[in-house]
Structure formats: C-alpha cells, structure tokens
Amino acid sequence: MIIFILLFSTFAIYFLQSKLYAKYWNYGLQVFVEFPNTPMVEGETGMLKEVISNHKLLPLTILDVKFSCSKYITFINGEVASISDRCYKHDVFSLLSYQKITRSLPFQCVKRGYYEIEQVHLISHDLLLSKNFVSKQTQHTNLYVYPKPVDTTTISILFQKIMGELISKRFLLEDPFEFSGVRDYTPSDPINKINWSASARSANLMVNTNRSTTSQHVAILLNLEHIGVLTYEQLQEESIRIASSLCEMLIKEGISVSLITNGCDCFTKNPSFIPLGNGKSTLQQILEHLARIQLSLPMSSFSSLLENGQYFNKDSNTYYILISTLQNEELIHSFTTLLQKSSYGCWIVPKYSHIPQTIETNNRYHVFPWEVTTNES
C-alpha cells in the first residue's frame, strides 16, 4: 500500500508539475537584449546588455537563451559564440521565483555597418527535465557602426591641399564681415581697412584682410565599382573611410557638404544621396548612410550617376571630390564633363601598389593616389 501511495504521489507530482510548466513556463518571462544606445566606430568595443526576468512563482532551473547577430560583432573575454555566416550566441541561466538577472557581454565591432538583433529563442524544461519547451521573443535593438577614421597624417596632408585649392580658387571676392588676417599697408589700400591696434603693436601700418564666405560647397563622389571582374573589398572599405573622414573634417571647417555614391543602402537597396548641408545633423546623416552601404548589393555604373543631372546643382563654385579606384575611360569622360559644366575638383585613387595609376592631374582636377597595404593573401 505504501509503495502504491508513493508511486501514485510520484506520478501525481510529475503530472502536475508537467502540466504547470507546459502552461506557465514562459508566463512572466521577459528577455531583453540591447546594444549601446549611441553609435560606435569600427574597431571599438562595447557592452551588449542582456536582461532576463522571471515574474512568477515557478522557478526555471534551466533556461537557454539563444540569439544571432552579424558575424562582424565578435564577443570577447571568454564569451563563447559560434560564428559561421552569423554570430550565434548561446547562454544558459537558472532563475528562481521572481528573479531578475542582468549581464553585460563585451563585444568588438569588427566592421562598419548597421546591425540588428530581431529575436531571441528560449528553451526551458520542467522540474524533472523530462520535457522541453520552446518559444521566441521579438527584440528591437540596433547599432550603427561608423567607418573608422583613416590615417591622420595622410588625410591631413590631403585635406590641406584641398583646402588650399578651395581658398585659392573660390574665395575671389572679399566679404567685409569675414576677417581673415592682417598684412602690411600699401598705398592702394583705403584708410578704413587699417587695423590700428595691429599697427601700434608692429610699429608699421597694417590692414585687415577679408575673405569670401559664399559658395563653400563640396560634393563627395564615392564610387565603389569593381575593377573589371576583380573585387577589392579592402579598397572599397578604405574608400568609404576616406569619404567619412573628409566629410567630418570639411563640416568642422564650416563647409557645406553633399554625398553621392553608387553603394546601395541596406534599407532602400538604392544608391545613397545626401543633399548639401552642414552641421552635426548632416554629418550624422552621412555617417549613417555610409554605415548602411551593403557592398554585396548590385551596383550601378558611377558614370551614369554623374550624368544624371538631378544629383547636382549648377553652382559653378562647387568643389567635387571623386573617390574611385576604378579609372576607366567612361568615368574619366563623365567626371571631366561634369567639371567642364560646373566647377573643379580632385580625384582620390585608393589603390594597391600593383594597380597602375592611369589618370594624371590636368587643368580641371588634381589626382591624389592613396596607397593601401593589402591584407589579402
């Protein structure tokens, strides 16, 4: 009789807990996975927050939490993850009644991009581990990873050359409200331009010099086309970094910038175009679009974009910066035609040492080779 009661009790407990867990195991169970709420730069490290809450009386002795994200988000410091086409993260928790667990998972952004975690998969068991229960929860977390800045020394030299051309070719009319500096007085200078304070300090007559503040426009033209059948992703990524760095430096100088690229946005699947603008909001918009470029999407000819008049204003003072490894005759013709109609500019050529430079500086644009050290085998 005692054995029968024990067997009956055991079966009743098994049956009851099995039914309870089958119905209520994920009741009050909440899982939140959250990226940092500010953009990051490729190469930086951050913390992914993982919060698991069990708002019920039933404990969960084992809870498997699984989610996936881009393979370019790599977990560090012993955080185990399986990496193939994506990074698959798997964590095991044990939650008591009404318990909340918060973890911070360190990770590194290997590559620029726009990354999302859209759902988590949950697997748990009853108390006797005899049955498995599976569900999933939707997540709403994303992360922008901006292109990293390029080599400071190289970009600074290039930037100074560009600024020199902007100043020498565009600031032709003086603006009396924009002070530039002082210089020695000449008999042709009007008396009202004399800077009496500077004259007193130097013991010589000095006059104010002014510069124009109008038409400070730069258009960044980012071409990510392949060279024939060859694909150099490293050169494409370096081109994106150059565009990002130049936009940031120009906007800091108060110069309005626009961007056009045949690299397609991962949202719209179309080429990106950022109209002329200035300030932090324009820079943020540019950086977000550069982060969202997906190189695997089909890409249109950049020559056709240059010939499409809707992307360009008719301001003859716009300075065009073309960033392109490709140097074919069609692109040379399209860029030259654009400058003949509108303005002047420069051509930056990101290249490996074995890629020949087939274009030369002319009276319309300067050519700046940008050597990249290959990491390909």
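Where does leucine 128 lie? Leucine 128 sits in the loop between E9 and strand E10 (132–146). The model is predicted: local features need pLDDT of at least 70, side-chain atom pairs count only at pLDDT 80 or more, and totals for chains, interfaces and linings use all residues. Residues are numbered from 1 along each chain as its sequence is written, and side-chain values use heavy atoms, with hydrogens and water left out. Helices (H or I, at least four residues) and strands (E, at least two) are DSSP runs, numbered from the N terminus.

**Surface patch**

- Leucine 128 counts as exposed, at 53% relative accessibility. Buried means under 20% relative accessible area, exposed over 50%, and partly exposed in between (1.4 Å probe, protein chains only).
- Tyr14, Phe15, Leu127 and Leu128 make up a nonpolar surface patch, with about 380 Å² of accessible area together.
- Patch members have over 30% relative accessible area and no salt bridge; nonpolar side chains (Val, Leu, Ile, Met, Phe, Trp, Tyr) are joined within 5 Å, like charges within 9 Å. Accessible areas come from the Shrake-Rupley method with a 1.4 Å probe; for residues, only the protein chains shown count as cover.

**Four-strand sheet**

- Four strands form an open antiparallel sheet, ordered E1-E3-E8-E5. Strand E1 (29–34) and strand E5 (73–75) are the edges; each has a single partner strand, so one side of each lacks a neighbour in the sheet.
- Neighbouring strands of this sheet are turned by 30° against each other on average, direction ignored. Axes are lines fitted to C-alpha atoms, for helices over the stretch in contact; angles run from 0 to 180 degrees between N-to-C directions.
- E1 pairs with strand E3 (residues 45–54) in the antiparallel sense over six bridges. Two strands pair if DSSP finds at least two bridges between them.
- Phenylalanine 32 has valine 51 in E3 as its bridge partner.

- A six-strand open sheet runs E15-E14-E13-E16-E17-E18, with mixed pairing. Its edge strands, strand E15 (271–277) and E18, each pair on one side only.
- The twist averages 15° from one strand to the next.
- Strand E13 (residues 217–222) and strand E16 (residues 319–323) pair in the parallel sense over five bridges. Leucine 222 stands opposite isoleucine 323 in E16.
- H4 packs on this sheet, touching E13, strand E14 (256–264), E16, E17 and E18; its direction makes about 170° with that of E13. Contact means heavy atoms within 4.5 Å.
- Helix H5 (residues 279–291) also packs on the sheet, touching E13, E14 and E15; its direction makes about 170° with that of E15.

**Salt bridges**

- The whole structure holds ten salt bridges. Each is a side-chain nitrogen of Lys or Arg within 4 Å of a carboxyl oxygen of Asp or Glu.
- Arginine 103 and aspartate 91 meet at 3.3 Å, N to O. Arginine 103 lies in strand E8 (residues 99–109) and aspartate 91 in strand E7 (residues 86–95), so the pair ties together parts twelve residues apart in sequence.
- Arginine 103 is partly exposed at 25% relative accessibility, while aspartate 91 is buried at 5%.
- Lysine 111 bridges to glutamate 233, with the closest N and O atoms 2.4 Å apart. This pair links the loop between E8 and strand E9 (113–125) to helix H4 (residues 233–252), 122 residues apart.
- Lysine 111 is buried at 16% relative accessible area; glutamate 233 is partly exposed at 35%.
- Glutamate 371 in strand E18 (residues 365–371) and lysine 351 in strand E17 (residues 344–351) are 20 residues apart. Their side chains form a salt bridge at 3.2 Å, N to O.
- Shared partners join Lys111, Arg112, Glu233 and Glu237 into one salt-bridge network.
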